[in-house]
Amino acid sequence: MITPNSFAKNVRINIEKEYSEENRAWQGAPSIARTKGGRLFVGFMSGGIYEPDPRNHCLLVYSDDRGDTWSGPVLSIESKPMERLRSFEIELWTAPDGALWLFWVETPYAEGLSMPTYEQKIDMENDSEYHSLENMSRTYVSVCRDPDSDTPVFSEPKYMFNAVMRNIPFVCDSGRWIFPTYLTGNREYYEFFFSDDKGETFMTSRSYGRSAGRAYDEPALFRMSDGRISAIVRTTPHVYKRMITDDEGETWSAPEEFMPAASQRPCVKNLSDGSVLMITSISTKARNGFRILHSADGVNFTEKLVLDDRERISYAEFVEDEDGTIFAVYDRERNNKIRKSRVTGYSEAAKEILFARIPREAINTGTATENTVRARVISKARIDALDNIFTK
């Protein structure tokens, strides 16, 4: 069992009961990391009525048995309402030296915005008033050097850069780290941060030709078989676009269409053998279903397996075990505005974080085996009577 330590005013440790499933109204957008000792960490967003909300926070849970059982929340990264700062977008990464890097984003919202009630939120066509200052978002990190310990210690939060990062860094052959960052707002370029000293200092590079309009780019980086590095980005149309660098992130090709895709965070990484695995929606128009694609060269992808065929599932992320097993997480019906009865005041949304354990042979053969764990709920937000809970 992880024991508590404390650091920083908006990060709290060992808060399992206070932030239990019974005290959550929504949750989603998970991230997963595997330590060198085999511990699995999963982080996700929750807090308040939905997103964005001044009460949002990020939670961290873990498993020591390959995902069979999971802890309650052991760490919470709080928003700072008194400073009008919202905390969100948790991302977990195990660095080459085995340290666990926990990233999150703090973004301001305009003065005078209140804590909305559920009825106010559900009647909003969008939440643009809470997004209006997102171009001032800042990414922070806390590093745990001993993530397999019974008493892991997380460092004081460190400011990284004025950008959002929603996929893991890419480690180049030279040791350079490329951070798949993005800038919100109507910009004409993509911008990446890269570091030659393990995140102490940064340089930037750009690729012009970004689609017009507000979007969450959420780049994902992987290496192709010819050694070049690809960045796949989400766009407002139903398509992923791709940029390529052959000089470890210093310059990038212009973005070009890569494949039809529903609008959500790309989920694609290299496996230990150098091949590329992608989890993407079955539908190219909506966040319905998940399928697993595989590529030997990072260019041509073949569908191998249907992971989940249900509607309203999104934001997959995965890690690979030493034996080739894939551990994946994703959310289902995180939006508690859906399936909400105005008569009863109850939301019937699932509000689930799901975990799948997928043997490599299942991907190779395209057939689920008896050892495959599919769509197993590891966390479920249980507040349904939202009108009665969030009224202040």
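Buried means under 20% relative accessible area, exposed over 50%, and partly exposed in between, with a 1.4 Å probe and protein chains only. Six of the six residues of β21 are buried, so this strand is largely enclosed by the rest of the structure. The model is predicted: local features need pLDDT of at least 70, side-chain atom pairs count only at pLDDT 80 or more, and totals for chains, interfaces and linings use all residues. Residues are numbered from 1 along each chain as its sequence is written, and side-chain values use heavy atoms, with hydrogens and water left out.

**Sheet**
- Strands (E, at least two residues) are DSSP runs numbered from the N terminus, and two of them pair if DSSP finds at least two bridges between them.
- An open sheet with antiparallel pairing is formed by four strands in the order β20-β21-β22-β23.
- β20 (268-270) and β23 (302-308) each have a single partner strand, so one side of each is left without a neighbour in the sheet.

**Pairing of β21**
- β20 and β21 are joined by three bridges, with Leu 277 as the bridge partner of Lys 269.
- The hairpin of β20 and β21 has five residues between the strands, and Gly 274 in the turn has a positive phi of about 95°.
- Six bridges link β21 to β22; Leu 277 stands opposite His 294, and Ser 281 opposite Phe 290.

**Ser 283**
- Ser 283 is in the loop between β21 (276-281) and β22 (290-295).
- Its side chain reaches the backbone nitrogen of Lys 285 at 3.0 Å, and a polar atom of that side chain lies 3.1 Å from the backbone nitrogen of Ala 286.
- Beyond its neighbours within four places in sequence, Ser 283 is in contact (heavy atoms within 4.5 Å) with Ala 262 and Asn 288.

Technical notes
Polar contact = N/O pair within 3.5 Å; in protein donor to acceptor, adjacent residues only side chain to side chain.
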